[in-house]
Amino acid sequence: MGCRSLNAWPAVFPSESPHPPVAPLSQAAHHREWTPDGPLHLGQVLGCLRRGPGDPAFRTDASGAFWRVSRTPEGPATLRVTALGGTVRGDAWGPGAAWFLDRLPVLLGGEDSSGGFAPRHRLVAEGQRRAPGLRLARTGLVLESLVPSVLEQKVTADEAYRAWRRLLTRFGEPAPGPAPEGMAVPLAARDWALVPSWEWHRAGVDNKRASTILRAVRVAARMEEAAGMTPAEARARLEKIPGIGPWTSAEVVQRTHGAPDEVTTGDLHLPRIVGWSLVGERDADDARMLELLAPYEGHRHRAVRYLLTVGSIPPRRAPKMRKTDIARW
């Protein structure tokens, strides 16, 4: 869900942007500068990690800076990223600050390569033209992508985002450093396991999704090991957990691995968007979507991301998915 709205971000490229106003950073424990080897659009790269408006772990501020809070292997950390001329600057706070900054280029797609990718359809080419700074982020953190992906299973985006926002606000610890007000650190595995059943209910999370999360956090170390595997191996590891299927595993590895070929199947809308955009078919299913994306093998997810920048959506013939607020039951 989080990678669907690339056009929502201002088109700020390091090679073109003015120096934005910088908030006082005297409290910064660590900072780093990195010069990418080509165009880089921070919003299109990092925006995929935001779980809806008001995500307590993701913010943008008035200066155009991007803020992200994570629980790294070395502890909680807050990262602030800005584009200054042709250089990206990262400032970080908290026990995991050094870990965050060591991986800053990887997070921002520094290891993502589009070599061998060639548009075969007009709208893919148009998406690439509109988003030359699009790179695939790679977080290396599994649990922080897995939990919200499970929350997004078979519900509307608004319902999933509300659940994530409520749970982090209620149980997450405050973000380290001078982060924007209301930012919070995603819960540790043990803390997810301690969330009372009634709080899942109040957040609108049904027992099936809550149980899947609880099964996953009980083997959190095994889940985090997946970050060091190939995308295919990582998906197989994740799908060993009952309740985690191809849709969820794809959504996770797209973020943890920056996986250019991992396509989300089982999605309510994506096959029809791809079918409509590429060949004008409004009722494409997963099999047809994969058939249409076959010319992009090795970069199928990248092709989809470019398509989504164009925003070609088939006309609706049925009502939107009905919201079900179980918190009111």
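How many aromatic pairs does the count come to? The count comes to 7 aromatic pairs, where rings of Phe, Tyr and Trp (its six-membered ring) pair if their centres lie within 6.5 Å, planes under 30 degrees apart being stacked, over 60 edge-to-face and the rest tilted. This is a predicted model, in which local features need pLDDT of at least 70 and side-chain atom pairs count only at pLDDT 80 or more, while totals for chains, interfaces and linings use all residues. Residues are numbered from 1 along each chain as its sequence is written, and side-chain values use heavy atoms, with hydrogens and water left out.

With centres 6.3 Å apart and planes at 75°, the rings of Phe 58 and Phe 66 form an edge-to-face pair. Both residues, Phe 58 and Phe 66, are buried, that is, under 20% relative accessible area, against over 50% for exposed and in between for partly exposed (1.4 Å probe, protein chains only). Phe 117 and Tyr 296 are stacked, because their ring centres are 5.7 Å apart and their planes lie at 25°. Phe 117 and Tyr 296 are both buried, and ring pairs link these two and Tyr 306 into a cluster.

Thr 78 counts as buried because its relative accessibility is 0%. A polar atom of the Thr 78 side chain lies 2.7 Å from the backbone oxygen of Pro 176. Beyond its neighbours within four places in sequence, Thr 78 is in contact (heavy atoms within 4.5 Å) with residues including Trp 67, Asp 91, Phe 100 and Ala 179.

Notes. A polar contact is a pair of N or O atoms within 3.5 Å; within protein, one must be able to donate a hydrogen and the other to accept it, and residues adjacent in sequence count only if both atoms are side-chain atoms.
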